[in-house]
Amino acid sequence: MMYNVLSVFSSLPQGGFGVSRKTLLFLKAVLFAALMILVPSLSYAANTYTATVASGTDVTMQDAGATIPITITNTSPSGSSSIREIEFLFDPAKYSVSLSTVAPTGWCVDKVDSADGQIVFRLIDPTSGKCEKNANGYEIAPGAAVTFNIIATPATAASDVANDTVLGITIKTPGSFTRSGGLPVWTRRALEASMTATPSSTGTSGVITLEMQVTNRSSGAQSTIGTTPSPPSASSGIVSFLSSTGGPFYGSTILATDITDTALTINVASTSGFPASGSMQIDSEKILYSGLTATSFSVTQRGYGGTTSASHTANALAYDLTPFSLAASGSSGDTKTITWKYQANGTGTGEVYFSARANNSALTAQSRLASSNVVVIGSFTAEIDVSPASVVSGQQVTVTMTATNNGGSALVGITPTLAVCAGGATETLAGGPSPSSVSSLAAGASTVFSWTYTITGSPGNAFCFTGSASASGPLYSNTASSNSGSVSKYSGTVSPSTIVSGVAPQTFTWSVYNGGACALERVEIEIPLQGGSTWNYSSASAAGWTISLKNGPDRVRFTDPNKSILFPAGATRSFSITFSSTETVTADKDVSFPVTVREAKTGGLCNSGIETSFGTDVTVTANSLSLSHAPASGVYADGSSYYTFTATLLSGVTPLAGKTINFTTTNGTLSASYAVTDSNGQATLTLTAPFSETVDISSTVTATYLSSTASDAVIFLKWTKPNIEYWGGLVAYDSTCTTLAPSIDCGASYCFKLNAKNTSSTSSMTLQTNSYFSFNDSSAGGTSEFKAYLDSSGTITPGGTSVLTFSSPTSSGGGGGVTVDSNFTAGSYLPTANTSPPPASGLYFTDNGSNAQYRSVTDTVTIAGSCGATRVNVIEWFELR
Amino acid sequence: MKSFSLKDAVKNRKNSAGASVTAVIVILGLIVIMGVVFASFLSTGLEQSLAEVTSMRALYAAEAGIEAAIGHLKQTPVSSNWVWNAGYSGKSIGSGTVDLEVLEYEMRDGALAAAYACEAFESQIDPVAIPPRTVFITLLWGTTADLTLELYNADVTGSCASPPGANLIASSATTNNPETIRYRITDAPPATLTYTARVTGTAGTAYSLRITHPDESSFSSANQCGQPDGPPFDECMRGLIALGKVGAARREVFMGVER
């Protein structure tokens, strides 16, 4: 710029136009002086930037993880200076800037002062690794832009606050920049909303329950909570809102007893959360009530709102139709749940999710746009998850694929296929899939395959996986994609990551992985503010480390007394902190525990003492969820035996009835992916063993309700004998085994055929005629049993498959057909193995030696409706008056 | 003796010119009286007939209530329907209503090994709006011996020879056969209570003891009833007491049923 100005100056005419040389010299001097004054200012005026956030950006009050994405664009002309150091100054009365803020690639957080609302970003020096002002290729050049995702906790207010902004933004290096345009603005939201769609996989006619948990994070009460849009919008047309039975519902309980279509007293598990008078919906009937006790409603009108009164059975869900209000928030926030129901349209397959904002009736308090998890719709689906999602280079991750059979009959021979996505990181298979295949999957059941991968790459590199499952037929699931993970320099997890409201004392252990090239000399964990906080620090421990409290104290510092001995590169270390009291909440709440690590100065590249921060969170749940299993142990990995798991959901000591609990497992097959709690707050399902003849298999089942989780681990013992499993193809014939039976009626005689496979790789088995196939009607309250023995003995070799025929009334074989008891109750029955008959159920295989085994059949048997009407005999009758 | 001639007769007729009026009045009076009496008889008969009709309707209402309850108990799945015990309260049937209690029915038949026998049974009062509360016991025997029946509000089987008098809450010591006791439990729900039916009489007398009471805690569609006797358990059976109401008429029916 200076060069050009001087050139102009020197190009002025030399003594022309009748002007004296002296005057000309004077003019030149004046012009030169003027230019000397103007040039610097012209130069500064040209160094400009803009600070913007995306339109519609909003954050939630009291959200410790609230992110404000401010984009800095260098609008200077080409050839101007690049931006190398930026300071953002927030109003500390409105925002508390967090150490958890992660700088953009090539940048670092140089300073965070939450008391002053200050956060400063610099560039990482490529040589020293320090946070410096030197150019490193990531500075913001003219025309370029970088987004700084600043994590700050927004303060509460009575309602939504529009046009929040920063107090100032300063380009500190170089210091010649001026802002063009206004400061960025965004909105602070009063409500927090999160949505969960259940189940995560369903059939083409399946019903989806959508729950939105709304929490008031504002200091004002918010009335008549609803959503925009209402109901929440679905991302795909493959599902439809159930307009007459789909809500919105503002609470729920379950019926304690059957009720008739005229009953005016409705007994339920609990009326907690229901208003003193209002309306409710059971199935498709709406009901007005005028009073309640702890366990009953007094009804004033059945069949309200144009609906028809009807009888309802015990355990049916009773939904609250009255919109709720949310009390002014304390630190924990008042929270309630809105529920809707959708149904897949019957033909379409694919993925769908739901989104909406929560709002009060005046629309002065809203939430950020909330989106649910994705629901996969199809008769055979796959879902993939990778964990942990944040790793350091060289760390292993576990990839799980959940395959679900949403169809009406069993699938056999399920095998998974997995591939990696392009993300920058390198994924190397270290093990899996485990199991390599699953023999059969009953209708409604799901199973899990898992892999272990080693992730390598530079910080910021991403990784993900894609894949599908197949079954004999062949049948194929959808192609699923996992969540995306990324490589970071350090990683850390905290355990437990979820605690129950108010639990005390409570110890947390942070497991920190050093993926850098240098040893770490200090690890500092930020804890909730002490003094006035409900979190009270008690003690800390880490073997060999010196522990001190800093800043209030709101930080626990672990220091290596030897600087570089305790935490070398590539190592994992644990740090524990115990609190004598924790927080009591009425709504699930995430509490942030940022971790800052400091490199030891050991020379070479490791001589800068760089500090790096990353976030860890603990969720405090309002509900407690526990999980248990039976039997305690001793279940074999034979592909058929199973554990029964029971999840118990409590709010304090009160059971929560009618709530949907989601289940996942790391191994084996779950009988369902979710279950609804009964009046005792309990939901039960089974985990069927995978097959293993070489090693014991461990499996961890996890139950989830909103933010509450509970896990329970079991061991399946290796099965070293021949292993005959049901392999599909269950078909009923007439008694001569020649003509397919159109239906199965009581009193008639039948023959059953099915496929069986010996999944053992080494041992054959000769089945004897006292092997049998059986089912019973005990699940319908009946006492009848059908048992057909094997017609003839035969050997199944390792890996071999045979068609077995069961039509013999006695263990001698020979066929002839077996009669279905005339008292057999009509219905559909799943012949699950019963290892302690009677009543007999499933398959019993014996070679009259030591290899006897009970196996489940994963297809159902349907007994015709004319069978098994319950008979009642009158023993005594007389008139009393 | 004075004889009456035709002349006298004519003369007399002239002297009794108002006699016919009197006779008519008398006759009419008699007719009215007879009519009133007849009408009275007719009215009473009608009232009796109407009362009988209403009473029969009340009986039919009670029977219909029993049939409805059995229909409910028979529904599939039996496992959840056989344990239904909500009963009915003011359920509309025809021109009347029915109240119905669904109870557990137990046959504790036996023979007196001594001069007494005790049978304990468990009842659970559920925390529902209208829990079943009736205990109804019948004792029958086939001999001329006279048995008596007592009800205690505790398990007194251990002191059956001489139970604590403080626990005696009802007794039936008539000359009738059967003896019956009907007792209403008043304890607040939830409550799990144990009572004892005690039979006294001549040793060796065989008897039928039928105990109907609110469900024991283990009541189900399986064969596991009989608490607190312990295994082997009896079949879980049902006793139904239905009160039909039509106008002022009340008819009550008992039925014991098994699956």
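**View 1. Confidence across the two chains of the predicted model.** The model as a whole scores ipTM 0.81 and pTM 0.62. Chain A averages a pLDDT of 87, with 93% of its residues scoring at least 70, although over residues 1-19 of chain A the pLDDT is below 50, and this stretch has 13 contacts in the model beyond near neighbours in sequence. A further stretch of chain A, residues 34-45, also stays under 50, and for these residues the model has eight contacts beyond four places in sequence. For chain B the mean pLDDT is 86, and 89% of the residues reach 70 or more. Within chain B, confidence is lowest in helix 1 (residues 6-15), where the mean is 53, and highest in strand 6 (residues 148-152), where it is 97.

**View 2. The contact between chain B and chain A.** Here 27 residues of chain B are in contact with 28 residues of chain A. On the chain B side, helix 2 (19-73), helix 3 (78-81) and strand 12 (249-258) each supply at least two of the touching residues, and the largest share, nine residues, comes from strand 12 of chain B. Sorted by class, this side of chain B has 14 nonpolar, six polar and seven charged residues. Strand 12 of chain B also pairs with strand 77 (residues 873-879) of chain A, in the antiparallel sense and over six bridges. Within this view, A:Asn873 stands opposite B:Glu258, a residue in strand 12 of chain B.

**View 3. An open sheet of three strands in chain A.** The strands of this open sheet follow the order 17-27-28 in chain A, and their pairing is antiparallel. Strand 17 (226-234) and strand 28 (370-371) of chain A are the edge strands, each of them pairing on one side only. Strand 17 of chain A is joined to strand 27 (residues 354-359) of chain A by five bridges, and A:Ala234 stands opposite A:Phe354 in strand 27 of chain A.

**View 4. The surroundings of A:Tyr342.** A:Tyr342 is found in strand 25 (residues 334-344) of chain A, and this residue counts as buried because it has 25 C-beta neighbours inside 10 Å, where 20 or more are needed. Not counting residues up to four places away in sequence, A:Tyr342 touches A:Ile208, A:Leu210, A:Ala234, A:Val239, A:Ser240, A:Phe241, A:Leu242 and A:Gly246. A:Gly246 lies 96 residues from A:Tyr342 along the chain, yet the C-alpha atoms of the two are separated by 6.5 Å.

**View 5. Nonpolar cores in the model.** The secondary structure of chain A comes to two helices and 77 strands, and 46% of its 881 residues count as buried. The largest nonpolar core has 177 residues, and those with the most contacts inside it are A:Ala318, A:Ile525, A:Ala647 and A:Ile661. Leaving aside neighbours within four places in sequence, A:Ile525 is in contact with A:Trp510, A:Arg555, A:Val556, A:Phe575, A:Ile577, A:Phe593 and A:Val595. Apart from this core lies another, of 49 residues, among them B:Ile66, B:Leu151, B:Tyr195 and B:Phe254.

View 6. Strand 62 (residues 697-705) of chain A is joined by four bridges to strand 58 (residues 660-665) of chain A, the two running antiparallel, with A:Phe663 opposite A:Ala703. Strand 62 of chain A is also joined to strand 63 (residues 708-718) of chain A, again in antiparallel fashion, by nine bridges, and here A:Thr704 stands opposite A:Thr709. Strands 62 and 63 of chain A form a hairpin with two residues between them, and A:Leu706 in the turn has a positive phi of about 50 degrees.

View 7. In chain B, the peptide bond from B:Pro189 to B:Pro190 is cis, with omega near -10 degrees, and B:Pro190 is found in the loop between strand 8 (179-184) and strand 9 (191-200). The peptide bond from B:Gln227 to B:Pro228 is cis as well, with omega near 0 degrees. In chain A, A:Asn315 has a phi near 80 degrees, a positive value in a residue other than glycine, and lies in the loop between strand 23 (296-304) and strand 24 (317-320).

Key:
Residues are numbered from 1 along each chain as its sequence is written. Chains are lettered from A and ligands numbered from 1 in the order in which they are written. This is a predicted model: local features need pLDDT of at least 70, side-chain atom pairs count only at pLDDT 80 or more; totals for chains, interfaces and linings use all residues. Two residues are in contact if their C-beta atoms, placed from the backbone, lie within 7 Å. Ala, Val, Leu, Ile, Met, Phe, Trp, Tyr, Cys and Pro count as nonpolar, Asp, Glu, Lys and Arg as charged, and the others, Gly among them, as polar. Two strands pair if DSSP finds at least two bridges between them. A residue is buried if 20 or more other C-beta atoms lie within 10 Å of its own, exposed if 12 or fewer, and partly exposed in between; C-beta atoms are placed from the backbone. A nonpolar core is a set of buried Ala, Val, Leu, Ile, Met, Phe, Trp, Tyr and Cys residues joined through C-beta atoms within 7 Å. pLDDT is the predictor's confidence in each residue, from 0 to 100.
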